[in-house]
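This report concerns the structure displayed below. Please keep it in view while reading.

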Amino acid sequence: MSQAHLAYKHRVNLGSYYTPPEIVNTAWEMIAPYVNSQTTIIDSACGYGDFLKDCGQALTIGCDIDGTAIDVAKKHNDKTQFFQTNALCNVSREKFGISQQSDLIVVGNPPYNDKTSLIRHNIKDVDFDIDEDIACRDLGISFLRSYNKLEADVICVLHPLSYLIKPANFRLLKEFTENYRLIEGRLISSWEFPESAKHTPFPIVLALYQRDTQGMAYSFIRSFRFRPEGRGNFSLGDFDYINNYIDKYPKKRNRPTYVEEDVHRSENDNPLFFWTMRDINALKRNRTFVESYSTNTIVIDKQKLDYYAYIDVFKRNLHRLPFYFGNCDVLIDDNLFKQYKSAFISNTVRHHPFLKKHFQINPIETQQASSGLDTYFKLLLGEHHV
Ligand SMILES: C[S@@+](CC[C@H](N)C(=O)[O-])C[C@H]1O[C@@H](n2cnc3c(N)ncnc32)[C@H](O)[C@@H]1O
């Protein structure tokens with residue numbers, strides 16, 4: 001492991017997961033058309049400096065907050081100018097001696113560390129200053145904002161795909177997306193990073209952006225064709241999603257209605273509950289139908305029970321989906337679902353017998369149901385079916 005000089009706690013806090021060489025090479029192929037003798041290339045979170053190749057003509061600059069990493073980088077590479085400094089504080093070209101005139105390319109793999117997320121929160125402790133105008137709960141977003149502050153002409157970095165495809169994250173990147181346009185997006189599984197292979201894989205994009213006053217709206221991302229390694233391409237807009245049919249999140253007003261009326265409910269009227277869904281990876285971790293109410297449950301609108309059955313079955317078929325759907329909502333083809341509905345309901349009832357009385361549809365044979373589901377998922381996912 002390359003970042004071995006750091007204890008686990010520091011690896012988590014600095015987001016130090018060094019990039020495999022094949023991915024570094026791909027990034028270089030992507031920026032190659034933009035590199036000339038006027039270019040300055042910077043990796044402001046450079047680790048051992050693996051992204052800073054000697055390309056003969058361009059000036060290269062490496063920066064990292066981690067002094068040991070910079071010492072190693074200096075030993076490997078004497079053509080690059082290295083700085084041991086915090087890249088998110090006093091961000092400016094002058095800090096690195098880059099002139100306003102030079103064409104600036106940013107490369108690398110900045111840390112993506114959500115300071116507020118509960119994952120490994122017990123050891124999280126980011127204690128460096130971040131300029132107010134680029135501060136964010138996620139370090140990776142701060143890094144993207146810092147490239148905008150440097151007025152980089154071209155940016156080729158890795159970051160979670162969720163920054164672009166989750167509307168709430170996309171909004172956090174407002175100033176960035178007003179000034180940059182995505183040119184190319186290769187999708188990589190977090191499993192390419194050995195230390196992440198223990199967790200559910202999430203999609204990372206190796207993104208090439210060009211400074212552009214047109215910027216990009218969310219609709220641009222929705223129709224953007226991302227390129228997963230070894231497969232065709234993938235665009236969010238190719239699919240329909242479950243949130244067009246049901247509520248994904250609990251409605252505040254559900255609770256009082258439920259609590260007050262529950263005592264008087266007849267057996268048939270008993271409410272049904274479903275665990276909240278954030279995205280496909282969250283569905284992988286969480287339950288679907290649950291027995292009791294909590295702040296994380298949705299009170300099911302029984303008119304839409306079929307769609308909840310759909311999600312329940314979808315969860316058991318997640319192995320058919322490649323990693324890059326991890327941060328998407330549950331996909332659905334509603335017309336096709338209507339054709340195969342009996343297969344879905346039968347499968348749900350088999351796993352949750354208490355639901356049987358809520359469906360009008362007669363269950364079909366297990367064999368027939370599983371072949372129906374197989375056909376449905378192959379048609380839904382097409383070339384993406386695993
Ligand atoms: C994902 S690693 C990437 C290292 C190297 N570019 C590579 O891909 O092999 C992230 C790097 O960001 C550095 N880092 C974290 N916070 C930083 C900050 N505020 N300023 C500069 N570097 C930082 C870490 O020390 C770590 O080396």
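## Basis and confidence

This is a predicted model, in which local features need pLDDT of at least 70, side-chain atom pairs count only at pLDDT 80 or more, and totals for chains, interfaces and linings use all residues. Residues are numbered from 1 along each chain as its sequence is written.

The average pLDDT (the predictor's confidence in each residue, from 0 to 100) is 89 for the chain, and 90% of the residues score at least 70. Confidence is highest in strand 13 (residues 331–332), at 98, and lowest in helix 9 (residues 254–262), at a mean of 52. Helices (H or I, at least four residues) and strands (E, at least two) are DSSP runs, numbered from the N terminus.

Over residues 262–268 pLDDT stays under 50, and the model has 1 contact beyond four places in sequence for them; a contact requires C-beta atoms, placed from the backbone, within 7 Å. Where pLDDT is low, the predicted coordinates should not be read in detail.

## Helix 4

Of the 11 residues in helix 4 (residues 139–149), 10 are buried, that is, with 20 or more other C-beta atoms within 10 Å of their own, C-beta atoms being placed from the backbone. Among them are L139, F143 and Y147. The covering elements include strand 4 (103–108), strand 5 (154–160) and helix 6 (167–172). Just after helix 4, E151 has a positive phi of about 55 degrees.

An open, antiparallel sheet comprises 3 strands in the order 11-10-12. Strand 11 (289–290) and strand 12 (297–299) are the edge strands, each pairing on one side only; pairing requires at least two DSSP bridges between two strands.

Strand 10 (residues 273–275) pairs with strand 11 over 2 bridges, and F274 stands opposite F289 in strand 11.

Terms used:
Two residues are in contact if their C-beta atoms, placed from the backbone, lie within 7 Å. A residue is buried if 20 or more other C-beta atoms lie within 10 Å of its own, exposed if 12 or fewer, and partly exposed in between; C-beta atoms are placed from the backbone.
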